[in-house]
Amino acid sequence: MTTTNIDVATTVGQLVTERPARSRVFQELGIDFCCGGKKPLQEACHAKGLDPQAVLQMLLAAEQADDSQGLDAARLSLGELCDHIEQTHHAYLKQELPRLQAMIAKVAAVHGERCPWMRDVHEVFEPFMRELTSHMMKEEQVLFPMIRAMELGKTNAACHCGGTIANPIRMMEHEHDDAGDALRRLRELTDGYSPPADACNTFRAALDGLRELEADMHQHVHKENNVLFPRAMDHESQQMAAGKS
Ligand SMILES: [Fe+2]
Ligand SMILES: [Fe+2]
């Protein structure tokens with residue numbers, strides 16, 4: 001991923017306008033990038049008692065730490081793959097969903113009159129977030145522990161859940177489809193996450209956050225639907241075949 005040249009004289013608002021993902025660093029540090037966006041980075045940092053060079057490094061790091069693109073999910077063990085999904089995609093969603101929820105609610109309330117589609121975005125996002133949070137909990141508390149135990153040979157998954165592991169997997173896949181429908185609707189409503197020309201930085205950051213969420217969900221669901229789940233079902237079939245022989 002390429003990084004742009006940025007320096008401490010650039011205003012905070014400009015930095016977020018160029019790369020809305022930088023809003024995450026500013027939110028973490030409590031730097032106001034919306035109404036206080038006209039301040040140069042140096043001045044905004046001094047006001048908070050922060051080292052501008054250190055903040056600059058954080059901004060660059062945020063651009064580079066974009067994803068686990070280099071990861072070869074197929075080479076991990078089933079347990080390692082569950083760990084990876086929890087530590088990257090689930091951790092990201094747990095941090096990002098409440099941040100996006102707050103921004104979307106704010107933009108829908110402030111700009112809903114002029115951009116009524118943001119109210120629809122808000123209405124789609126709320127149940128999407130609730131369902132996704134419950135979905136992750138089911139994976140972390142039920143399905144992933146079953147997969148880890150099965151791989152270690154501690155339990156036969158088919159006995160443990162009163163049926164095959166394919167049943168909870170089918171349920172998770174169905175929920176992935178629902179999440180995919182919600183994401184498609186969000187993309188449609190926002191015309192591909194395009195902010196109005198005069199949108200404020202919070203508006204831009206909310207839509208950019210949704211675009212990133214969509215990209216991360218695509219990776220996340222791919223690793224579950226296309227790598228973890230088929231391998232777990234294969235493992236169970238082999239285990240059952242070995243048990244019969
Ligand atoms: Fe997941
Ligand atoms: Fe999932």
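Here are a few quick questions and answers on a predicted model. Local features need pLDDT of at least 70 and side-chain atom pairs pLDDT 80 or more, while totals for chains, interfaces and linings use all residues. Side-chain values use heavy atoms, without hydrogens and water, residues are numbered from 1 along each chain as its sequence is written, and chains are lettered from A and ligands numbered from 1 in the order written.

Me: How many residues apart are His220 and Glu224 in helix H9?
Reply: Helix here means a DSSP run of H or I, at least four residues, numbered from the N terminus. H9 covers residues 201–244, and the pair is separated by about one helical turn because the two are residues apart by four.

Me: Is Glu96 buried or exposed?
Reply: Glu96 is found in helix H5 (residues 78–111). Buried means under 20% relative accessible area, exposed over 50%, partly exposed in between (1.4 Å probe, protein chains only). Glu96 has 2% relative accessibility, so it counts as buried.

Me: What residue's side chain does a polar contact of 3.0 Å join to that of Glu96?
Reply: A polar contact is a pair of N or O atoms within 3.5 Å; within protein, one must be able to donate a hydrogen and the other to accept it, and residues adjacent in sequence count only if both atoms are side-chain atoms. At 3.0 Å, the partner of Glu96 is Arg99.
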